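Hi,

Here is the structure I promised to pass on. Have a look first, and my notes follow below.

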Amino acid sequence: MASDDDENPFEAYRVDVDRPLGRLFREYGVPRWPWLLAGILSNFVSRAALLVPPVVLGTAIDAVFREGGASRYNLPLVPAGMLPNTQVEQFWFSVWLIVGAFVVGTAARWVWGVTMNTFAHGVMHAVRTDTYAAMQDLDMSFFDDKETGEVMSILNNDASNLETFLDDALSEVLRLVVMVLGIAGILFFYNAQLAAVTLVFVPLMGAFTLWFMRKAEPRYARVREAVGDLNTRLENGLAGIQLVKTTGTEAHETGRVRGASRELYDANMSILTLSYFYRPGMSFLAGLSFAATFLVGGLWIFQGPPGPLSGELSVGEFVIFVFMTQRFVQPLSQVSNIVDWYENAKASGKRVFGLMDVPPHVTEREDAVELADVDGHVRYDNVTFTYDGADEPVLDGVSIDAEPGETVALVGSTGAGKSTTLKLLMRLYDVDGPRPSARQTQSDDVDGPRPSASQTQSDDVDGPRPSANQTQSDAVNDGAVTVDGHDVRDVTLASLREHVGYVGQDSFLFDGTIAENVRYGRFDADRDAVERAARLAEAHEFIADLSEGYDTRVGERGVKLSGGQRQRLAIARVVLQDPPILVLDEATSDVDTETELRIQRSLDDLAADRTTFAIAHRLSTVKDADRIVVLEDGQVVERGSHDDLLAADGRYATLWNVQTGELDDPDDAY
Ligand SMILES: Nc1ncnc2c1ncn2[C@@H]1O[C@H](COP(=O)(O)OP(=O)(O)OP(=O)(O)O)[C@@H](O)[C@H]1O
């Protein structure tokens, strides 16, 4: 089954969303109340205007078109003193009333369209924007769970369901209320007994509708889930199209989409199966109401009041009943559509607010300070970190101290935790353990002098640290990453990330021009600055060779460029950012050896006066780092300079010997 609630990280928040449509009105409708009020009033007027002609016609039949009937000219809501007395006057009065009703109705219809559309689209604009902003604040762990298709479906399909509800359903509900109440009032005004016959079916229709809503509600939720799952599947298939093609798994993927689509089909059919009873059932009841009115009213005219009924019914009143019942039947048959829109919107509202309600864990504290004038002293103090849902920590008591301007290389086998370590610096995730108060974090600065770099890392300089345990004894704080003594959880996210430049393994580019991508984040940089950055990143040459140079579009995710070209643009972007701290996560993994050497040269220049963390599998690119930290299974197993680590003949020496070809099999080292 496509919907698996246990795996859906939004589900927990979704079920807690109480009365989503009420919340939609409270939070987004109330601030736009003038539009809503004008919409409701104009809708009311335009619908009420439609009731005027049949009433006038029925009255005219009894009064104007019948000899001696002038005294019967009697209209609801119009004071008797205002009514004309002669039949000619009454005729013209009727004509003007009908024309006036059409003119007013048309004008009100126009106002209603403008105001309700402005209201509905204004609300949806705000909801979409807020949902997107909330989505951006979600923790990385949400995106790790590959919920992008689900999020897209919330932003697109669910938002447009709410729009339909506000635009169409609201108008229909108003129409229903005006018509049912207005018509019921008019019918009772003319003949309460016949009105009772006409309206006796309304409670039946109401009960039938309640039955349908109760049955349909869970099925609508299932449809919304299935739409989300199908979108996720489609999005995944498109994003991975290259893998699909190269592995020849088109049939497999089509099968998976078929499965998700089938679930949507089944979910839709489960509602339609109910609708097959509900819609015709409503039409039938509405038809019965009309037939009963016609039958009882007709008999009344022919042979006097049937059965227990009593009193008089004129032909004009009968005409009013026939016309009115028809006008009344039509909105009633729309109830099924309203219910459809309502249930859909309710399910979508839960999904939209469910997303908005997910509390991000990586948040700014209220008294977060701006990180400014950064020297670039970065410390990891006994950091432990566990990914959401994982049993074991991926980092266990990691301590690293990088002095301003130093280059620290992280090496170790794949999965050792190198990238994770650096993600904690940018707060893509937060370290395990309680968040210390701002005062606590700084306590080492306040209570006593912070151990100097030479104290903390003295053994790094002198020789490789023999064990990770010893490293941990140096830790000042428990589980914190600090920049210039500030716990990263105590500073504003924007100021932190502004001071850290990141080039990752996946050099993402937005669809746009080369210049726009280099400028991303430094939007005010001029063309000269962009070009200078590109030159430094060894990217200028290939850009100049492109047909439109810096104005060449890179395609979605930069597909029109090679991996190495994308990586160089990512480096150029960081050059332009000019941050005091650099994070290079295999920044040159996608380029050939010659380009790598050239980029390495420019990265070395870039890193010269900045604190730099570099992850590289090719150890030759990091052997000149000020210090090299070797991670294995989430723990620091060695640290020191290249020469120290070689001399220590430990893990690093083995990796180095394998890479330089001195050792064929890493297992030989043990
Ligand atoms: N988003 C994630 N959610 C859960 N586990 C993750 C996530 N990212 C990484 N891991 C796990 O954490 C461990 C460390 O991953 P990390 O990417 O930090 O290693 P690495 O040393 O950078 O590896 P590589 O050299 O291959 O890039 C791995 O076991 C990985 O499976």
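One term before the rest: I call two residues in contact if their C-beta atoms, placed from the backbone, lie within 7 Å. By that rule, and leaving out neighbours within four places in sequence, I571 is in contact with V503, A537, A587, I599 and L603. Do keep in mind that this is a predicted model.

Together with A572, I571 has the most contacts inside the largest nonpolar core, a set of 73 residues. Helix α22, residues 563-577, gives this core its largest share, with 7 residues. There is also a second, separate core of 71 residues, and I154, F165, L264 and M282 are among its members. As a general point, nonpolar side chains tend to be buried together in soluble globular proteins.

Now the chain as a whole. It has 670 residues, of which 40% count as buried, and it contains 25 helices and 10 strands. Taking the contacts with a separation of 6 or more, 80% are between residues 24 or more positions apart.

R427, in the loop between α13 (418-425) and α14 (438-441), has a positive phi of about 60° without being a glycine. D649 is not a glycine either, and its phi is positive at about 55°; it is found in the loop between α24 (642-648) and α25 (651-659). Are they buried or exposed? R427 counts as buried because it has 20 C-beta neighbours inside 10 Å, whereas D649 has 12 and so counts as exposed.

Cheers

Notes:
Residues numbered from 1 in each chain as written. Predicted model: local features only at pLDDT ≥ 70, side-chain atom pairs only at ≥ 80, totals over all residues. Helix = DSSP H or I, 4+ residues; strand = E, 2+ residues; numbered from the N terminus. Core = buried A, V, L, I, M, F, W, Y, C linked by C-beta atoms within 7 Å.
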